[in-house]
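Biologist: Could you take a close look at one part of this model for me, the helix packing and a couple of residues around it? Keep it chatty, but spell out your cut-offs.

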Amino acid sequence: MEVEQRLTANDADLLRYLQRRLLDREDAADAFSEVLLVAWRQRRKMPADHEQARMWLFGIARNVLRSTRRAGARRTAATQLLIDATLTDTTAPDEASAVRDAIASLPKEQAELIRLTYWDGFSSIEAGLMLGISASAVRSRLVGARSAVRALLAGDASTRDADQGSFTT
């Protein structure tokens, strides 16, 4: 019963974690089901402490996400193009799209740190546990990631200004 409580206590956060990264609701739901299945199969390994159990579950979710992405990469090029076309969010504001694109253009590790801390609300300690690095490493890497995002966004702004005929001095 206690394992079930720890699973249900984190299920909404786990689903949101997967939805933010997969974007396709069906893929996220499939990945979520896989997380629950793996967690149930390995329930004897689940830590007794609530926070440690939460990090353990998110570690499983991260591994399922990797597997899902690898499986997606094996799809044919035509299928992948169709999926990408249908997942494009044309209703998002320009600013949100620019931020999302800037994060997506970062190296995978930096992008994941930004997503874990700002989208998912994990602390440096929690993100470090998930990624297998220290909290101080998370904080120092976040400094670089934020600087890279700012630089990318500043480049977009200067490009937009140039396109509109204005320029800065």
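**Helix α6 and its neighbours**

Modeller: Let's start with helix α6 (residues 108-119) and helix α7 (residues 124-131), whose axes come within 10 Å and cross at roughly 135 degrees. Axes here are lines fitted to C-alpha atoms, for helices over the stretch in contact, and angles run from 0 to 180 degrees between N-to-C directions. Helices are DSSP runs (H or I, at least four residues), numbered from the N terminus. That angle makes α6 oblique to α7; under 35 degrees counts as roughly parallel, over 145 as roughly antiparallel, 65 to 115 as roughly perpendicular, and the rest as oblique. The α6 and α7 crossing is right-handed, that is, the near helix is turned clockwise from the far one by less than a right angle. On the α6 side, Glu112, Leu113, Leu116 and Thr117 make the contact, and on the α7 side Ala127, Met130 and Leu131 do, where contact means heavy atoms within 4.5 Å. Sorted by type, the residues of this α6 and α7 contact come out as five nonpolar, one polar and one charged (Ala, Val, Leu, Ile, Met, Phe, Trp, Tyr, Cys and Pro count as nonpolar, Asp, Glu, Lys and Arg as charged, and the others, Gly among them, as polar).

Before going on, this is a predicted model: local features need pLDDT of at least 70 and side-chain atom pairs pLDDT 80 or more, while totals for chains, interfaces and linings use all residues. Residues are numbered from 1 along each chain as its sequence is written, and side-chain values use heavy atoms, with hydrogens and water left out.

Now for helix α1 (residues 2-22): α1 and α6 pack at about 135 degrees with axes 12 Å apart, so they are oblique to each other. The crossing of α1 and α6 is right-handed. Here Tyr17, Arg20 and Arg21 of α1 meet Glu112, Arg115, Leu116 and Trp119 of α6. Those residues divide into three nonpolar, no polar and four charged.

Next, Arg54, which sits in helix α3 (residues 50-73). Arg54 is buried at 13% relative accessible area (buried is under 20%, exposed over 50%, partly exposed in between, with a 1.4 Å probe and protein chains only). Leaving aside residues up to four places away in sequence, Arg54 touches Asn10, Asp13 and Phe122. With Asn10, the Arg54 side chain makes a side-chain polar contact at 2.8 Å (a pair of N or O atoms within 3.5 Å; within protein, one must be able to donate a hydrogen and the other to accept it, and residues adjacent in sequence count only if both atoms are side-chain atoms).

Conventions. Helix = DSSP H or I, 4+ residues; strand = E, 2+ residues; numbered from the N terminus.
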